[in-house]
Amino acid sequence: MANNSDAKAALYTQTLLAGLWRENPVFRLLLGMCPTLAVTAAVKPALTMGCCVIFVLLCSNIVVSLMRNLLKPHLRILMFTLTISTFVTIADLFLKAFVPRMSEMLGPYVPLIIVNCIIICRAEACASKNGLAVSVIDALGMGVGFTLTLCVLAGVREILGTGALFEIEILRAHSQGGWFVPWAAMSMPVGAFITLGLLLGLVNAVSKKTKH
Amino acid sequence: MNKIKHFIEQSWLLVIASFFFGLLIAVTNAGLSPRIEQNKINKRNRIVGTLLPGAKNFVPLDSEIEIESLQGKKEKVELYRAMSEAGERVGFSFNAAGSGFADKIELVVAVDKNFEKIAGFDVLTSNETPGFGDQIKYDYFRDQFVGAPAGELKPVSLGEPATIDAEIVTISGATISSEAVVEIISHSITQIKEQMQEKGLIGNGKQQ
């Protein structure tokens, strides 16, 4: 009995950690690149996007896991998409109602979560094969991993692009009497590509070192 | 008969799930849509309220006004009468849109009560380049419109921004974006004014 629960606990921890580092959706699986590049000009929208993805991932993994034995193989993708689009629409409505400014800032990228590969990948690879508990933990691990990655990327870009973090001034801009000259390019798409590339390189270098 | 049985066997989950999910979205939408509508109204009121001091209530105009957009499409204009607390007309506001440098630019334009002078504009949505095109949101560009005649406007690259007239000095480094704003406002305001004069909603400027 004790062995059994130990094994279970180990499985849960492993599932949770997989999303954070070993199978991090952005750095390891390179999934969900569209929001990663598009909404990371500042930390606030990145965090909002991350929370939306956690919510959708959690709900879709729960629903898919519950109906995994009823799924017909050739109709499963259709069912996944139906489930995901339902929860994305709900998340979108909530953002519009409670944080209208953020919703405007994110624009089409919230509805676009429907086609975010992370969610359909977790439905296919995990939730449709595992029980409720593993699916929930997997959703949390992957969701939090995605959110953290987005925030790191957005943090780098916001500081270099505007000199602020969470819209709070950290580096005083040259025009305000400080020394820092904001890199406008960092707030633009080019900044997203460069930062993502450098971070990917860094993650690869670190994981190579830890392997040896 | 077998075909129907096969069909139901394959698709019952999909049908039930569609129904259930549809219901879920409908309930959420019904619960949240008053709030979402209110947010939109608040936003417009906030913007127009700063452009037209004293504006408290916004009444949609009874008669429909349609203008031809810059792309040549017929579009209905959302035109509002801005009323003061005492119920007096303080001006008009309408939404106008057109393409900018990167993406569509959507503006709210406010005009004084006789539709003679522009009271100002603000950007609802735009996706212009940060540091360059997004300067259309800044006061030093927007102030040129405050008090400008509500008619045809001309973008010029050289001039005195402090002089308030139909010539709007574009922003260097953001020529396309600032010209687009001038064009959007000029294009919509002339058509709206013409139609309102035809309908007798405002004076035609000749009798006064």
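Me: So helices (H or I, at least four residues) and strands (E, at least two) are DSSP runs, numbered from the N terminus. Where does A:Phe166 sit, then?
Reply: A:Phe166 is in the loop that joins strand E1 (164–165) to strand E2 (168–169) of chain A. Before we go on, this is a predicted model, where local features need pLDDT of at least 70 and side-chain atom pairs count only at pLDDT 80 or more, while totals for chains, interfaces and linings use all residues. Residues are numbered from 1 along each chain as its sequence is written, and chains are lettered from A and ligands numbered from 1 in the order in which they are written.

Me: Thanks! What is the phi of A:Phe166?
Reply: Phi of A:Phe166 is near 55°, which is positive although the residue is not glycine. Most residues other than glycine have a negative phi.

Me: Is A:Phe166 buried or exposed?
Reply: A:Phe166 is exposed, because it has 12 other C-beta atoms within 10 Å. The cut-offs are 20 or more for buried and 12 or fewer for exposed, with partly exposed in between, using C-beta atoms placed from the backbone.

Me: Which residue of chain B has a positive phi, near 60°?
Reply: That's B:Phe115, in the loop between E6 and E7 of chain B. B:Phe115 is buried, with 20 other C-beta atoms within 10 Å.

Me: New topic: what order do the strands of the open sheet in chain B take?
Reply: The five strands run E1-E4-E5-E6-E7, with antiparallel pairing (two strands pair if DSSP finds at least two bridges between them). Strand E1 (57–60) and strand E7 (118–125) of chain B are at the edges with a single partner strand each, so one side of each has no neighbour in the sheet.

Me: How many bridges join E4 and E5 of chain B?
Reply: Five bridges link E4 (residues 79–83) and E5 (residues 89–99) of chain B in the antiparallel sense. B:Leu79 is opposite B:Phe94 of E5(B) there.

Me: Now the two chains. How many residues of chain A are in contact with chain B?
Reply: 19 residues of chain A are in contact with 19 residues of chain B (in contact means C-beta atoms, placed from the backbone, within 7 Å). On the chain A side, helix H4 (76–98), helix H5 (100–106) and helix H8 (184–187) each give two or more residues. H4(A) brings the largest share, 10 residues.

Me: What about the largest nonpolar core: which residues touch the most other members?
Reply: Among its 42 residues, those are A:Val53, A:Val56 and A:Ala91. A nonpolar core is a set of buried Ala, Val, Leu, Ile, Met, Phe, Trp, Tyr and Cys residues joined through C-beta atoms within 7 Å. H4(A) gives this core its largest share, 10 residues.

Me: And what does A:Ala91 touch?
Reply: Setting aside neighbours within four places in sequence, A:Ala91 is in contact with A:Cys52, A:Phe55, A:Val56 and A:Val110.

Me: Last one: which residues of H6(A) are buried?
Reply: They are A:Ile118, A:Ile119, A:Arg122, A:Ala123, A:Cys126 and A:Ala127. Looking down the axis of H6(A), these buried residues fall within an arc of 135°, so they line one face of the helix. The arc is taken from the directions from the helix axis to the C-beta atoms. The cover over the buried residues of H6(A) includes H3, H4 and H7 of chain A.

Key:
Contact = placed C-beta atoms within 7 Å.
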